[in-house]
Amino acid sequence: MLGFLTARQAGLDDPLRLRRAESTRRVLNLELNHDRDVDRIHSNGINTIDIEVIEGRYMLSGGADGVIVVYDLENNSRKPQYTCKAVCTVGRSSQYVHRFSVETVQWYPHDTGMFVSSSFDKTMKVWDTETLKPAEVFQFEGNVYCHHMSPIARKHSLIAGVFGTKDQKVQLCDLKSGSRIQVLQGHRGEVLSVRWSPRYEHILATASTDSRVLVWDVRRASGSLFSLDQHNGDKSKASSEAVNTAHNGRVNGLCFTVDGLYLLTTGTDDRMRLWNSANGKNTLVNYGKVSNESRKGLKITVSRSCSPEFVFVPCGSSVAVYTLHTGELVTMLRGHYNNVDCCQFHPDYQELYSGGKDCNILAWVPVVRPPDVEEEGTAAKGGSQATVNPAFEDAWSSDED
């Protein structure tokens, strides 16, 4: 680390190199923080969480009890041990509360004054954060499994709201007009997950129970751009399949990398795959068995400003951490007492928050690295050498010198 600081000070290295090195070190040292608690408000499992990107201070959570909570992640007490307090709650006593399980919550990407939630009560609500009242309510004919707002959209006023509903259609809703303006048809099963590209504002990926992942350009009316094929067009391996499939089971997780160049998918075939988002090719990265028994959408997330990048995947009662481009399992974060359904990476502090069916939200933070101490022992009478820090050992001289 001192070398990075010296090179940065002398102008030999880009400051970004130091940032990436430190961010990577912090992610590799993530552990459950026993000094930080998150208020336990939900009486049932936590399905979804989201951290706003404006200040990086407030976190949303939605649970199977229909409750929505806003937390303040900042430590105002200035003490090592503290609790992230619930700032406000849309609880069961509110007349605006969702009647059934909340499946997705998301902050409006450009302003913390608004957030969106979707639920099994067949509604999607656009909330005013100040009043905790819905500014707009979209009604649907079936359960809403997922929605997503584009983090970069400037040219369209879509709610970036894409809705995967039980009628096998994906619907686009317009915030300005408050109406549904477009329907995307192509899946043969229920749509479980949807994601806008963080690179191109009109590109959208959808995942379904029909084992398929479709990539769309919403400006086109002729259908999807392409369907992801796990065999990359090898007909000998897919001879029995009439259409391209991304997995051999339900596809219930989608996540673009931060630069939008790659797309991650998870399926109930216990596999995770990494795709080139430009041409839909399977990169064939082997992550091994990624346990996935969820019947609903699974919220996975990726790191930011690290080298290499990492992916965080709920895996039973743990969160698995993989190296994105090599598929190496780095560690398993264990702390929940029941299945984990969602996780969210905080890029400002390289922290991770996870929510599960045990009604808990856990904070995983980097452990402070202890200073390297060189033990200087006195040689024993038997002639044994003093213990030396391995970093200072002479590894090039011969024993005969």
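Guide: Gladly; we will take some labels in turn and set each value against its cut-off.

Visitor: What kind of model is it, and how many helices and strands does the protein have?
Guide: This is a predicted model. The secondary structure comes to two helices and 29 strands. Buried residues make up 51% of the 401 residues. Among contacts between residues at least 6 apart in sequence, 46% join residues at least 24 apart.

Visitor: Why is His 148 called buried?
Guide: Its relative accessibility is 12%, and buried means under 20%, so His 148 counts as buried. His 148 is found in the loop between strand S12 (144-146) and strand S13 (158-165). The side chain of His 148 reaches the backbone nitrogen of Trp 196 at 3.0 Å. A polar contact needs N or O atoms within 3.5 Å, and 3.0 Å meets that distance.

Visitor: What makes Glu 309 partly exposed?
Guide: The relative accessible area of Glu 309 is 22%. Buried would need under 20% and exposed over 50%, so Glu 309 is partly exposed. Glu 309 sits in the loop between S23 and strand S24 (310-315). Its side chain reaches the backbone nitrogen of Ser 305 at 3.3 Å.

Visitor: Which residues does Glu 309 touch, leaving out those up to four places away in sequence?
Guide: They are Ser 303, Arg 304, Tyr 322, Thr 323 and Leu 324. The C-alpha atoms of Glu 309 and His 325 are separated by 7.7 Å, with the two residues 16 apart along the chain.

Visitor: How do you know that Lys 299 has no salt bridge?
Guide: The nearest side chain of opposite charge, Glu 103, is 4.9 Å away. A salt bridge must be within 4 Å, so Lys 299 is buried yet has none. The side chain of Lys 299 does reach the backbone oxygen of Glu 103 at 2.8 Å. Lys 299 lies in the loop between strand S22 (271-276) and strand S23 (301-302), and touches residues including Asn 47, Thr 104, Pro 314 and Asp 341.

Visitor: Why is strand S25 (residues 318-323) called mostly covered?
Guide: Six of its six residues are buried. In a regular strand the side chains alternate between the two faces of the sheet. In S25, Ser 318, Ala 320 and Tyr 322 point one way, Val 319, Val 321 and Thr 323 point the other way, and all are buried.

Visitor: How do you know that S25 is paired with S24 and with strand S26 (residues 329-334)?
Guide: Pairing needs at least two bridges. S24 and S25 have six, in the antiparallel sense, and five join S25 to S26, also antiparallel. Both pairs therefore meet the cut-off. Val 313 has Ala 320 in S25 as its bridge partner, while Ser 318 stands opposite Arg 334 in S26.

Visitor: What makes up the hairpin turns on either side of S25?
Guide: S24 and S25 have two residues between them, and Gly 316 in the turn has a positive phi of about 65 degrees. The hairpin of S25 and S26 has five residues between the strands, with Gly 327 at a positive phi near 80 degrees.

Methods: Residues numbered from 1 in each chain as written. Predicted model: local features only at pLDDT ≥ 70, side-chain atom pairs only at ≥ 80, totals over all residues. Heavy atoms only, no water. Helix = DSSP H or I, 4+ residues; strand = E, 2+ residues; numbered from the N terminus. Buried < 20%, exposed > 50% of the residue type's maximum accessible area, 1.4 Å probe, protein only. Lys, Arg positive; Asp, Glu negative; His and termini not counted. Polar contact = N/O pair within 3.5 Å; in protein donor to acceptor, adjacent residues only side chain to side chain. Contact = heavy atoms within 4.5 Å.
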